[in-house]
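Biologist: I am new to this structure and would like a close look at a single part of it. Please keep the answer plain and connected.

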Amino acid sequence: MTQGSSQPRVDDGGPLHRVVVIVDANSNPFELGCATEVFGLRRPELGRDLYEFSLCSPEPRTLMRDGFFTLTGVAGLEAAESADTLIVPNRPDVEVPRRPAVLDAVRRAHARGARLVGFCSGAFTLAEAGVLEGRRATAHWQWADSFQARFPGVRLEPDVLFVDDGDILTAAGSAAALDLGLHVVRRDHGAEVANAVSRRLVFAAHRDGGQRQFVERPVPDVRDESLAPVLAWAQERLDSPLSVPDLAARAALSPATLHRRFQAQLGTTPLVWLTGERLTLACRLIERGVTGFDVVARRSGLGTTANLRALMRRETGLTPSAYRRRFGPAQP
């Protein structure tokens with residue numbers, strides 16, 4: 001992931017960061033819903049709103065995908081001119097050129113430094129606008145060959161859920177819009193707020209995507225609650241020298257059976273889950289301003305500063321010091 005983005009964190013008490021979604025003919029309702037859920041809802045559980053959110057369209061009436069419904073009553077395309085983050089249209093007819101007025105709006109937003117987001121086939125909109133040339137991006141696997149043939153200058157990464165290339169972010173498929181949306185919230189507001197949003201969505205805050213991405217490893221979404229008690233028990237004791245046999249004993253299972261249940265229910269191993277939980281706790285401690293990386297390593301159960309540093313670099317691409325500068329408390 002590109003570090004040092006020009007986009008500031010938006011939790012400093014100033015004006016809300018403005019997210020605008022462009023909706024065009026045949027746009028997908030699901031991705032529009034994802035954007036609304038992540039960026040448009042009030043957040044009473046947090047005691048504050050996170051974003052100012054609005055829709056816009058180049059026409060007064062926009063027929064959504066396959067004629068499911070017609071969208072009316074939204075702002076005109078001029079609303080995109082004041083967006084801090086602009087989410088571009090996505091639609092299934094990827095071979096049909098995008099509307100010139102939409103492409104011009106995307107180019108203007110990029111030129112003035114707005115953050116651009118493409119969900120699923122939205123990568124085609126960004127590429128047609130010319131803002132992805134030489135940049136990293138992803139798109140739905142179904143269109144990967146078509147995308148690469150049409151836009152050979154884009155560095156397509158087809159095997160990931162999303163790509164964060166600083167001021168341009170793309171998600172691979174429809175559901176990956178939620179993964180990317182939560183990543184944007186995490187980038188803007190920190191891990192705790194992103195986790196709160198993911199809990200309200202009843203959606204895992206992170207799904208492995210086959211690439212090292214700058215996201216924490218929070219509690220996986222547990223489909224079968226049979227492991228929930230042992231997970232909760234372990235989370236309260238992360239600073240203790242827990243092992244896989246300890247988890248198995250608590251669950252009254254053999255280590256082999258525990259391993260099978262973890263794979264079936266969480267898609268990972270007990271050791272990977274335990275390490276991920278400890279790393280998540282370490283990140284939260286750093287975000288809360290705990291001083292001394294030796295203290296963070298001990299309280300999170302990672303043991304040593306060297307182990308903390310190695311795991312953070314592997315999983316987030318950042319050293320503990322760099323993570324603190326990016327997500328720690330603002331310095332006076």
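Which elements each supply at least two residues of the lining of the largest cavity?

Modeller: This is a predicted model, and what follows describes that model. The elements you ask about are β1 (17-22) and α1 (29-40), each of which supplies at least two residues of the lining of the largest cavity. Of the contributors, α1 gives the most, with three residues. The structure holds one cavity of 30 Å³ or more, and the volume of the largest cavity is about 80 Å³. Its lining is made by 13 residues, and the closest to the centre are V21, I22, E31, L32 and N90. Sorted by class, the lining of the largest cavity has nine nonpolar residues, three polar ones and one charged one.

For context, here is how one helix elsewhere in the chain packs. Two packed helices are described by the angle between their axes and the distance between the axes. Helix α10 (residues 270-287) and helix α13 (residues 320-327) have axes that come within 9 Å and cross at roughly 55°. On the α10 side the contact involves C283, I286 and E287, which meet P320, Y323, R324 and F327 of α13. By class, this contact of α10 with α13 has five nonpolar residues, two charged ones and no polar ones.

Helix α10 also packs with helix α12 (residues 305-316), at an angle of about 95° and with the axes 11 Å apart. Because angles of 65 to 115 degrees count as roughly perpendicular, α10 is roughly perpendicular to α12. From α10, the residues T275, L279, A282, C283 and I286 make the contact, and from α12 the residues L308, L311, M312 and E315 do. The residues of the contact of α10 with α12 divide into seven nonpolar, one polar and one charged.

Definitions and conventions. Residues are numbered from 1 along each chain as its sequence is written. This is a predicted model: local features need pLDDT of at least 70, side-chain atom pairs count only at pLDDT 80 or more; totals for chains, interfaces and linings use all residues. Side-chain values use heavy atoms; hydrogens and water are left out. Axes are lines fitted to C-alpha atoms, for helices over the stretch in contact, and angles run from 0 to 180 degrees between N-to-C directions. Helices (H or I, at least four residues) and strands (E, at least two) are DSSP runs, numbered from the N terminus. Contact means heavy atoms within 4.5 Å. Ala, Val, Leu, Ile, Met, Phe, Trp, Tyr, Cys and Pro count as nonpolar, Asp, Glu, Lys and Arg as charged, and the others, Gly among them, as polar. On a 1 Å grid over the protein atoms alone, a cavity is a set of points where a 1.4 Å probe fits but cannot get out, and a pocket is an open set with protein on both sides within 12 Å along at least five of seven lines; lining residues have an atom within 4 Å of a point. Grid points are joined across faces, edges and corners, and a volume is the space filled by probe spheres set on the points. Angles under 35 degrees count as roughly parallel, over 145 as roughly antiparallel, 65 to 115 as roughly perpendicular and the rest as oblique.
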